[in-house]
Amino acid sequence: MFARLAYPMLPQLRRHPQYLMLHGMLALGTSMAAVYGLRVAVKEPEITWNHHTNLEPWNEYANKQYKFLSAGRDYSAGCPAPKY
């Protein structure tokens, strides 16, 4: 299937080899965007996949430092989030 779709590009790539770099950069950018989207979907605390066992997923990060660098804020004193 892919060979049939890619076949019209092969003669063009033979005549213009600079297009190979363009296609490589497009593939690299697309794969980096897909990996970033997957990372956000898996690692970020705003996105939860298990609603049944963890009804309040925001409380998992109550006493953890979420930001990598926060100038002027000390997280060792406790959570600045309001308690409901």
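Helices are DSSP runs of H or I with at least four residues, and strands are runs of E with at least two.

**View 1. Overall fold of the predicted model.** This is a predicted model, and its protein chain contains three helices and zero strands. Read from the N terminus, the order of elements is α-α-α. The protein chain has 84 residues, of which 6% count as buried.

**View 2. Confidence along the chain.** The mean pLDDT of the protein chain is 77, and 65% of the residues score at least 70. Helix H1 (residues 2–6) has the lowest confidence, with a mean of 64, whereas H3 has the highest, at 91. Where pLDDT is low, the predicted coordinates should not be read in detail.

**View 3. The annotated segment, residues 20–42.** An unreviewed UniProt entry assigns the feature "transmembrane region" to residues 20–42. In the model, this stretch is 100% helix and 0% strand. The C-alpha atoms at the ends of residues 20–42 lie 33 Å apart.

**View 4. A nonpolar surface patch and Met32.** Met21, Met25, Leu28 and Met32 make a nonpolar surface patch of about 440 Å². Met32 is placed in helix H3, which spans residues 18–43. Because its relative accessibility is 52% and the cut-off for exposed is over 50%, Met32 counts as exposed.

Notes. Residues numbered from 1 in each chain as written. Predicted model: local features only at pLDDT ≥ 70, side-chain atom pairs only at ≥ 80, totals over all residues. Heavy atoms only, no water. UniProt positions renumbered as here; feature names shortened; annotations may be inferred. Buried < 20%, exposed > 50% of the residue type's maximum accessible area, 1.4 Å probe, protein only. Patch = residues over 30% accessible without salt bridge, like charges linked within 9 Å, V, L, I, M, F, W, Y side chains within 5 Å. Areas by Shrake-Rupley, 256 points an atom, 1.4 Å probe, with all protein chains shown as cover. Salt bridge = Lys/Arg side-chain N within 4 Å of Asp/Glu carboxyl O. pLDDT = per-residue confidence, 0-100.
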